[in-house]
Structure formats: structure tokens, C-alpha cells
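Me: I'm new to this one. Can you walk me through it?

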Amino acid sequence: DLLRSFAIAGTAVKFRLMTIEKIRGLCNAEPFRPFVLHLPDEREVTIKHPDFVAFFPTGRLLIVAHEDESESLIDPMLVSDITVARARTRRNGKAR
């Protein structure tokens, strides 16, 4: 039972690290593309610019500031999906 609990806890930690690293990677991407964090309660939190995101040092939480000066406190383990905006293309079909 103890080994099973450890395996489940280890999986949760690995999942959280993968999610927070994915979000950090999207924030640090060049060029940056806005993205949306989807939460289980059907909320969607849009990240329009990397300056609007702050990560807690532990990786347990992140804060997203919104243009209306409100903020969202998010547990990365609760992010059910991430949608990244499509790259805009020029008339010649190449990405901008």
C-alpha cells in the first residue's frame, strides 16, 4: 500500500512538473504566441503576453494578471488543456 501511494504521489509530482514546464516553455517561446489554460470548472484563462504571468518558486501555483487589473491564481495540476494560438502567416504562406 505504501509503495502504491508513493507511485501515485510520484506520478502527480511528475505531472505537475510537466505542466508547469510546458507553461514556462510557452511563456519563453520565441516568438511568443498567446495561449489559453483550460480548467476543469470550464474557466479559460488567456495568457496574452509572458509579462502577465508570475510563477511561484515551488511551481505549485502561478498568477496570471489580466488587462482589467484582476488576476487568476492557478494550480498547474488543475490545468486540463492548453490551447496555443495559431501562428499568423503572411500572404506568401510563411509564418510571421
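Here is a short chat about the sheet, the salt bridges and a surface patch.

Reply: Two notes to begin. This is a predicted model, where local features need pLDDT of at least 70, side-chain atom pairs count only at pLDDT 80 or more, and totals for chains, interfaces and linings use all residues. Residues are numbered from 1 along each chain as its sequence is written, and side-chain values use heavy atoms, with hydrogens and water left out.

Me: What order do the strands of the open sheet take?

Reply: The order is β2-β1-β6, with antiparallel pairing. The edge strands are β2 (44-47) and β6 (81-84), and each pairs on one side only. From one strand to the next, the twist averages 20°. Strands here are DSSP runs (E, at least two residues), helices are too (H or I, at least four), and numbering starts at the N terminus. Two strands pair if DSSP finds at least two bridges between them.

Me: How many bridges join β1 to β2?

Reply: Four, with β1 covering residues 35-38. Val36 has Thr46 in β2 as its bridge partner.

Me: New topic. How many salt bridges are there?

Reply: Four. The rule asks for a side-chain nitrogen of Lys or Arg within 4 Å of a carboxyl oxygen of Asp or Glu.

Me: Where do Arg24 and Glu21 lie?

Reply: Both are in helix α1 (residues 2-28), three residues apart, about one turn of the helix.

Me: Is Asp75 buried or exposed?

Reply: Asp75 is buried, because its relative accessible area is 15% and buried means under 20% (exposed is over 50%, partly exposed in between, with a 1.4 Å probe and protein chains only). Arg60 is partly exposed at 37%.

Me: Last one. Which residues make the nonpolar surface patch?

Reply: Phe56, Ile63 and Leu73 make that patch of about 240 Å². Patch residues have over 30% relative accessible area and no salt bridge; nonpolar side chains (Val, Leu, Ile, Met, Phe, Trp, Tyr) are joined within 5 Å, like charges within 9 Å. Areas come from the Shrake-Rupley method with a 1.4 Å probe, and for residues only the protein chains shown count as cover.

Me: Where is Leu73?

Reply: Leu73 is in strand β5 (residues 71-74). Leu73 is exposed, with a relative accessible area of 53%.

Notes. Axes are lines fitted to C-alpha atoms, for helices over the stretch in contact, and angles run from 0 to 180 degrees between N-to-C directions.
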